[in-house]
Amino acid sequence: MSNDGRVRWGILATGGIAAAFTADLVDLPDAEVVAVASRSEDTAKVFAERFGIPRAYGDWRALAEDEDVDVVYVATPHSAHRVAAGMCLEAGRGVLCEKAFTLNVREAEELVALARGRGRFLMEAMWMYCNPLVRRLAGLVRDGAIGEVRTVQADFGLAGPFPPSHRLRDPAQGGGALLDLGVYPVSFAQLLLGEPSDVTGRAVLSDEGVDLQTGALLSWESGAIASVHCSIVGGTATSASVTGSAGRIDIPHGFFFPDHFVLHRDGREPETFTADPADGARNSLRHEATEVMRALRAGETESSLVPLDGTLAVMRTLDAIRDRIGVRYPGEADRETGPETGRRGGGEPAATPA
């Protein structure tokens, strides 16, 4: 860390999410953005000038080996997360890696093993888990405000249309609705219920072989069921609902960065919980940055809000859904249905061509 105690950040990649994160980061008094890297030095320089970053690199390794960097925010497409995050961890940097964390659980396990083996900080950038209002909702559920959870519903869809050349349609970049958008509904369900015991799914696939929209049914041995949906061909309400044996919680819009939710309890008037204006804008990414810096200052290598075991559990579910719908990415070996995957559902992939 710097002499004044600020955490020194590097930014790896210069796309839209990197710009949004950096814009929030530079407003934090205990953060300092010291370097940015892109595959193009000119692109990195433009990004650096935009945000007042002193060093711009035209290759990722130069950033990874910068001794003045405490932690790197990896914002590449998820197809490159394994390589980019691994490079930074091997060079001794902490890493905050965008979601989906990797293409598959095998890559995720490799990153987690690398971080744990070297004692380096690693966290998935699941900003929803760090959102104060989402944390309040999860606390209410955990404390039994709605009784035992019976069902969870969540959706995330974009209207598009996205051309075949777009990263969301490109298999080489891990395209498709599931890894880019579906990770949110799945993560929301698992925040409340943990890893499911069974997974089924159906999808509509593009000509390129990525999922245009996917629906999955997750179930738990407790009897709880979650219905999750994602799409890149239709804009959805991005709503969520959690129903328990004694009530229900509704998030009518933007469940992963809500401005309010409503608690319905049997025999009581509905109660609305709203975001505290002091917590900043709804779409602020600063909460996950704050959590990273808290953990680094405390000497922790994992976040209690976004634990790595939870990230691995979500990746296992995403893999299981992809097994069901028949989506494979270039360079992936055919994943045989092992004991764990087989336990989460059966039958042939259930996909419908677009």
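Which strands does helix H1 (residues 16-25) lie across? In this predicted model, helix H1 lies across strand S1 (7-12), strand S2 (31-37), strand S4 (71-74) and strand S5. These strands belong to an open sheet of six, paired in the parallel sense. A search of the whole structure also finds one cavity of 30 Å³ or more.

**Sheet**
- The strand order across the open sheet is S3-S2-S1-S4-S5-S6.
- Strand S3 (55-57) and strand S6 (122-124) are the edge strands, each pairing on one side only.
- From one strand to the next, the twist averages 25 degrees.
- Three bridges join strand S5 (residues 94-97) to S6, and this pairing is parallel.
- Met123 in S6 is the bridge partner of Leu96.

**Helices on the sheet**
- Helix H1 runs at about 165 degrees to S1.
- Helix H2 (residues 41-51) also packs on the sheet, where it touches S1, S2 and S3.
- The direction of H2 makes about 155 degrees with that of S3.

- The volume of the largest cavity is about 40 Å³.
- Its lining consists of Leu178, Gly182, Pro185, Val186, Thr214, Gly215, Ala216, Val228, His229, Cys230 and Ile321.
- Helix H8 (177-193), strand S9 (211-219) and strand S10 (225-231) are the elements that give two or more residues to this lining.
- H8 provides the largest share of the lining, with four residues.
- Seven of the lining residues are nonpolar and four are polar, while none is charged.

Notes:
Residues are numbered from 1 along each chain as its sequence is written. This is a predicted model: local features need pLDDT of at least 70, side-chain atom pairs count only at pLDDT 80 or more; totals for chains, interfaces and linings use all residues. Side-chain values use heavy atoms; hydrogens and water are left out. Two strands pair if DSSP finds at least two bridges between them. Axes are lines fitted to C-alpha atoms, for helices over the stretch in contact, and angles run from 0 to 180 degrees between N-to-C directions. Contact means heavy atoms within 4.5 Å. On a 1 Å grid over the protein atoms alone, a cavity is a set of points where a 1.4 Å probe fits but cannot get out, and a pocket is an open set with protein on both sides within 12 Å along at least five of seven lines; lining residues have an atom within 4 Å of a point. Grid points are joined across faces, edges and corners, and a volume is the space filled by probe spheres set on the points. Ala, Val, Leu, Ile, Met, Phe, Trp, Tyr, Cys and Pro count as nonpolar, Asp, Glu, Lys and Arg as charged, and the others, Gly among them, as polar.
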